Amino acid sequence: MSPVSDDVRTIDPELASEAFSTAQAIAAEYSVVTHPELVARAPELAASLPPALLAACVPPDPHRGLFVLHGFAVDDEALGPTPARWAASDPLQANAWDVLVLLMASAMGTVFGWHGQQDGRLVHDIVPARGAEREQTGASSSVLLSPHTEDAFHPARADFLMLGCLRNRERIGTTAACVREIDLSDEDFGTLSRPTVPILPDDSYGEFQVAAGPPPPVRTLWRNDDGVCLRYDPAYTPLAEAGSAYRAAYARLGAELERVSTTVALDPGEFLVLDNDAIVHGRVPFTARYDGTDRWLKRVNIRARAGRRPADEAAEHGYGQEVVDPYA
């Protein structure tokens, strides 16, 4: 684990083992994490986790925007090989980890997915895939995954993002930068707080149905009770459509985010939780081996608060992407 934040939460190894045993028992009962009854019961089952773990599953400090949870152990041999792509993962393989991630995220808020991403799964596998090496998606490897807000194109994007590490032999780093640590002029803030250009869906959604009407311009920056917030994905933002003043302010924002950026090299069994309104995250380049030993993360989207984003987002069409919310 990289010392990126003083918000490192440690769960006692014995309690971590107890929590994993609980997840194993639930996995044995339901076989697959997508079982409707398991998904429906996830908030209730989350309460069966050790109290110390539940106490650790609270949102990060608003001024830091992230925390690392440490203390779980992963049996690399029992885990099996890293799947060749997310769709190749065996629903029974590593199922106890899927259950544990689902329950921990459910302790923080409401877990949801997307119909157009990973077949609507609630727990995603983030692994390198052949042919996607240079994409700006979680399946890439050989390029820098640019810092971004998760699912920035959509008004119903996650409030918090949980990343759980199962395998990371080369200690490949996740980058993170907090907008509340940057130094930006009032003029630049004002420029970037006006809806000017859209953010388009990323390539992980494949084909998508565009709702009637043009892509909506969005605010890059705004403020809520926690402080400055951002909605940012330069790889999918058509900046050529903006004027020179906007592009210059956007470039200065990018430079500031790079200045305050840090790198989290997660070890197996560690979890990284990000405030999706305060933190942009990415990943450093690496060379994928495709031999079953590549980096393997689990990812969960969490909704835990309402009314903290600009009201005009409610009118956006979200490009036809529908939320998978089993609790709606």
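Start by selecting Pro 36 and Ala 40: these exposed residues sit on the face of H2 that is turned away from its buried side. Here exposed means over 50% relative accessible area, buried under 20%, and partly exposed in between, with a 1.4 Å probe and protein chains only. Helices (H or I, at least four residues) and strands (E, at least two) are DSSP runs, numbered from the N terminus.

Before going on, a word on the model: it is predicted, so to speak, with local features needing pLDDT of at least 70 and side-chain atom pairs counting only at pLDDT 80 or more, while totals for chains, interfaces and linings use all residues. Residues are numbered from 1 along each chain as its sequence is written, and side-chain values use heavy atoms, with hydrogens and water left out.

Now select the rest of the story in helix H2 (residues 36-46): Leu 38, Val 39, Ala 42, Leu 45 and Ala 46 are buried. They cover an arc of only 115° around the axis, which puts them on the same side of H2; the arc is that of the directions from the helix axis to the C-beta atoms.

Next, colour helix H5 (residues 95-108). Of its 14 residues, 13 are buried, so H5 is largely enclosed by the rest of the structure.

Two loop residues come next. Most residues other than glycine have a negative phi. Asp 119, not a glycine, has a positive phi of about 55°; look for Asp 119 in the loop between strand S3 (110-114) and S4. Arg 171 also has a positive phi, near 55°, and lies in the loop between strand S6 (160-167) and strand S7 (174-178). Asp 119 is exposed at 65% relative accessible area, whereas Arg 171 is partly exposed at 39%.

Which residues lie nearest the centre of the largest pocket? Select Thr 137, Gly 138, Ala 139, Ser 204 and Arg 299, which are among its 33 lining residues. A pocket is an open set of points on a 1 Å grid over the protein atoms alone, where a 1.4 Å probe fits, with protein on both sides within 12 Å along at least five of seven lines; lining residues have an atom within 4 Å of a point.
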